[in-house]
Amino acid sequence: VELTPELFEYLEKKVKSGKYKSRSEVVREAIRMMIKADLERILEEKGVDLKKFEEEREKVSGELIERKYKAI
């Protein structure tokens with residue numbers, strides 16, 4: 001990946017802040033944020049209420065976790 005000096009310096013500052021261990025971690029986090037933003041945009045375009053979607057996702061996740069650990 002080629003970066004402008006400004007973008008490279010931005011990555012360096014993020015690493016030096018201590019929140020990230022490497023420039024690669026910063027880039028991975030940025031990509032994850034882009035994916036999330038794209039998914040949210042798609043859901044909004046389809047008329048899905050994002051807050052309700054998150055609530056349902058949490059509910060289902062909780063139920064799956066509960067089911068998994070009850071079986072043990």
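Where do Arg32 and Glu29 lie, and how many residues apart are they?

1. Let's start with that pair. Both Arg32 and Glu29 lie in helix H2, which covers residues 23-45, and they are three residues apart, about one turn of the helix. Please keep in mind that this is a predicted model.

2. Arg32 and Glu29 form a salt bridge, with 3.8 Å between the closest N and O atoms. That pair qualifies because the cut-off for a salt bridge is 4 Å.

3. Now on to helix H3, residues 50-70, where you will find both Arg57 and Glu54. These two are three residues apart, about one turn of the helix. Their side chains meet in a salt bridge, at 2.8 Å from N to O. Arg57 is partly exposed, with a relative accessible area of 39%, and Glu54 counts as partly exposed at 34%.

4. Arg57 has another partner worth a look: a salt bridge links Arg57 to Glu58, and their closest N and O atoms are 3.4 Å apart. Glu58 is partly exposed, its relative accessible area being 48%. Through shared partners, the salt bridges join Glu54, Arg57 and Glu58 into one network.

5. How many salt bridges does the count come to? The total is seven. Among them are the Arg32 to Glu29 bridge, the Arg57 to Glu54 bridge and the Arg57 to Glu58 bridge.

Terms used. Residues numbered from 1 in each chain as written. Predicted model: local features only at pLDDT ≥ 70, side-chain atom pairs only at ≥ 80, totals over all residues. Heavy atoms only, no water. Helix = DSSP H or I, 4+ residues; strand = E, 2+ residues; numbered from the N terminus. Buried < 20%, exposed > 50% of the residue type's maximum accessible area, 1.4 Å probe, protein only.
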